Number of protein chains: 2
Amino acid sequence: MATGRTHRPATRSRGIPEATVARLPLYLRALTALSERSVPTVSSEELATAAGVNSAKLRKDFSYLGSYGTRGVGYDVEYLVYQISRELGLTQDWPVVIVGIGNLGAALANYGGFASRGFRVAALIDADPAMAGKPVAGLPVRHTDELESIISDNGVSIGVIATPAGAAQQVCDRLVAAGVTSILNFAPTVLSVPDGVDVRKVDLSIELQILAFHEQRKSGEDAGQAVAPPPPLRSASDGRKGPDGDVPAVMPA
Amino acid sequence: MATGRTHRPATRSRGIPEATVARLPLYLRALTALSERSVPTVSSEELATAAGVNSAKLRKDFSYLGSYGTRGVGYDVEYLVYQISRELGLTQDWPVVIVGIGNLGAALANYGGFASRGFRVAALIDADPAMAGKPVAGLPVRHTDELESIISDNGVSIGVIATPAGAAQQVCDRLVAAGVTSILNFAPTVLSVPDGVDVRKVDLSIELQILAFHEQRKSGEDAGQAVAPPPPLRSASDGRKGPDGDVPAVMPA
DNA sequence: GAATGTGAATCTTTTCACAGCC
DNA sequence: GGCTGTGAAAAGATTCACATTC
């Protein structure tokens with residue numbers, strides 16, 4: 001998903017698999033909960049359950065970070081919290097800007113677990129002059145004109161795009177030009193960015209469509225009252241077929 | 001991620017890889033845009049670029065659906081739109097409930113591309129009695145008490161959870177008991193559900209943490225003004241080491 | 001005895017490269 | 001000549017199962 005740097009040729013060693021990186025935040029959240037309940041140690045089995053994965057995977061994941069457990073005992077909760085935080089880069093404070101303060105942008109600004117660990121909302125930015133100065137989540141909304149100066153004044157390297165799809169690429173370009181190198185995109189668009197800039201994407205309708213796919217299979221492969229528009233006719237002849245040759249009933253004529 | 005059914009033993013054939021399913025919505029969006037511009041056909045190369053993937057992957061993905069292209073020419077845009085929509089189950093209409101109408105829930109309710117293709121917001125549900133009846137995105141908010149009847153009256157099988165973390169599991173249980181079998185979870189919690197129920201998760205802070213991980217590497221493996229709390233001391237001795245034996249400088253004593 | 005850490009086996013996904021067709 | 005469709009190879013991720021350590 002993320003573009004990422006393609007290099008890092010020599011040295012090796014710090015090659016944590018992407019799939020593992022994506023799970024570290026889950027472990028961290030589960031560990032933080034344990035830490036708050038003052039649980040001193042936890043086994044891979046318990047932690048895995050809390051994080052919603054299986055224990056073999058968790059142990060393999062941790063093995064990429066180092067040997068941070070104790071055989072016969074488990075993991076020291078506080079120690080692991082620290083190690084994972086450090087690995088994720090959360091022992092430093094990341095200033096973040098949110099661009100596009102509509103419903104979604106406001107929701108993000110108000111999101112608590114945000115400021116809580118490693119991230120700080122440096123500014124909320126919107127293109128609507130009527131929004132400028134209005135406080136959202138305790139911060140005054142600033143106008144897009146100020147984008148570049150906000151980025152450089154605060155040393156922002158992470159930007160969140162919550163604008164309408166039409167504005168996203170343009171905002172992205174400005175963020176990148178101003179020095180942002182990681183972008184979290186909530187707009188339903190494919191952003192194009194230069195090498196060295198990471199983009200991650202959160203997209204409601206994609207997630208729903210994936211659910212619909214699986215939901216459809218559950219209903220018995222055929223059931224469900226189709227409300228489909230007639231399939232667009234296709235000039236071509238007869239060569240068309242399903243994957244293994246089993247032609248579905250709904251095939252367009 | 002999603003729990004999914006583990007079976008589907010015989011028949012085969014309709015075995016579309018999960019990674020492919022996750023990309024179909026991307027292709028569909030790109031194709032819809034082409035369709036609106038009345039572009040009649042598209043090559044794998046062009047479409048791949050528009051969707052942000054490479055063309056070999058796209059062709060492989062499509063090969064799981066069937067042979068829907070024409071060699072030497074490309075793909076018929078309208079025809080592909082229909083085929084992918086059908087595969088994703090979007091040729092029927094999915095009623096969806098959104099539970100938790102805070103900032104985020106309201107943002108989701110207002111999200112346009114939602115109703116546009118295959119999904120219909122059947123109801124907005126919130127636990128706050130003060131919200132009940134208030135219109136959000138043109139729909140009156142209904143109270144949690146009505147959850148079960150709303151689900152069954154509308155034949156809802158997809159639920160979106162946008163509540164605070166503390167309420168999520170409880171809401172989830174009620175949704176599932178009432179007949180929902182696919183859940184999109186925006187609350188930062190691991191939901192536990194019975195077999196046969198799919199859960200997908202969207203989590204802002206996880207995405208940010210993944211970005212932070214990569215961001216950290218860019219800054220030169222060491223740079224950045226650490227604002228770290230002192231690492232929690234650990235009783236244990238000396239056996240600790242990094243992955244390849246290279247002990248990081250920040251190691252706790 | 002209990003639980004980690006990790007090679008080896010397995011499964012999934014991506015990429016390559018080219019035969020086949022228009 | 002151009003572009004799809006797909007076997008085969010390569011890379012990546014997960015699971016198994018057990019030696020190792022406390």
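Q: Which elements of chain A and chain B each supply at least two residues of the surface near DNA strand D?
A: From chain A they are α1 (18-36) and α3 (55-65), and from chain B they are α3 (55-65), β2 (69-70) and β3 (74-76). The model is predicted: local features need pLDDT of at least 70, side-chain atom pairs count only at pLDDT 80 or more, and totals for chains, interfaces and linings use all residues. Residues are numbered from 1 along each chain as its sequence is written, chains are lettered from A and ligands numbered from 1 in the order in which they are written, and side-chain values use heavy atoms, without hydrogens and water. Helices (H or I, at least four residues) and strands (E, at least two) are DSSP runs, numbered from the N terminus.

Q: What makes a residue count as near a strand?
A: One of its heavy atoms must lie within 4 Å of the molecule or strand. There are 23 residues around DNA strand D, and Arg23(A), Asn54(A), Arg71(A), Ser44(B) and Gly69(B) come nearest. Of the atoms of DNA strand D within 4 Å of the protein, 63% belong to sugar or phosphate and the rest to bases.

Q: What makes the approach of Arg59(B) to a base nitrogen of DNA strand D a polar contact?
A: The base nitrogen is 2.9 Å from an N or O atom in the side chain of Arg59(B). A polar contact is a pair of N or O atoms within 3.5 Å, so the pair qualifies. Within protein, one atom must also be able to donate a hydrogen and the other to accept it, and residues adjacent in sequence count only if both atoms are side-chain atoms.

Q: Which residues come nearest to DNA strand C?
A: Of the 24 residues around DNA strand C, these are Ser44(A), Gly69(A), Tyr75(A), Arg23(B) and Asn54(B). Sugar and phosphate make up 66% of the atoms of DNA strand C that come within 4 Å of the protein.

Q: What lies 3.3 Å from a base nitrogen of DNA strand C?
A: A polar side-chain atom of Lys60(A) does. A side-chain N or O atom of Arg71(B) is 3.2 Å from a base nitrogen of DNA strand C. Gly72(A) uses a backbone N or O atom, 3.2 Å from a sugar or linking oxygen of DNA strand C. Two or more residues of the surface near DNA strand C come from each of α3, β2 (69-70) and β3 (74-76) of chain A, and α1 (18-36) and α3 of chain B.

Q: Why is Val53(A) called buried?
A: Its relative accessible area is 18%. Buried means under 20%, exposed over 50% and partly exposed in between (1.4 Å probe, protein chains only), so Val53(A) is buried. Val53(A) is in the loop between α2 (44-51) and α3 of chain A. Not counting residues up to four places away in sequence, Val53(A) touches Arg23(A), Tyr27(A), Ala48(A) and Leu58(A), where contact means heavy atoms within 4.5 Å.

Q: Where does UniProt place the feature "binding site"?
A: The unreviewed entry places it at Gly100(A), Ile101(A), Gly102(A), Asn103(A), Leu104(A) and Gly105(A). UniProt positions are given in the numbering used here, feature names are shortened, and annotations may be inferred rather than shown by experiment.

Q: Why is Ser38(A) called exposed?
A: Its relative accessible area of 61% is over the limit for exposed, so the term applies. Ser38(A) is in the loop between α1 and β1 (41-42) of chain A. The phi of Ser38(A) is near 60°, a positive value in a residue other than glycine. Most residues other than glycine have a negative phi.
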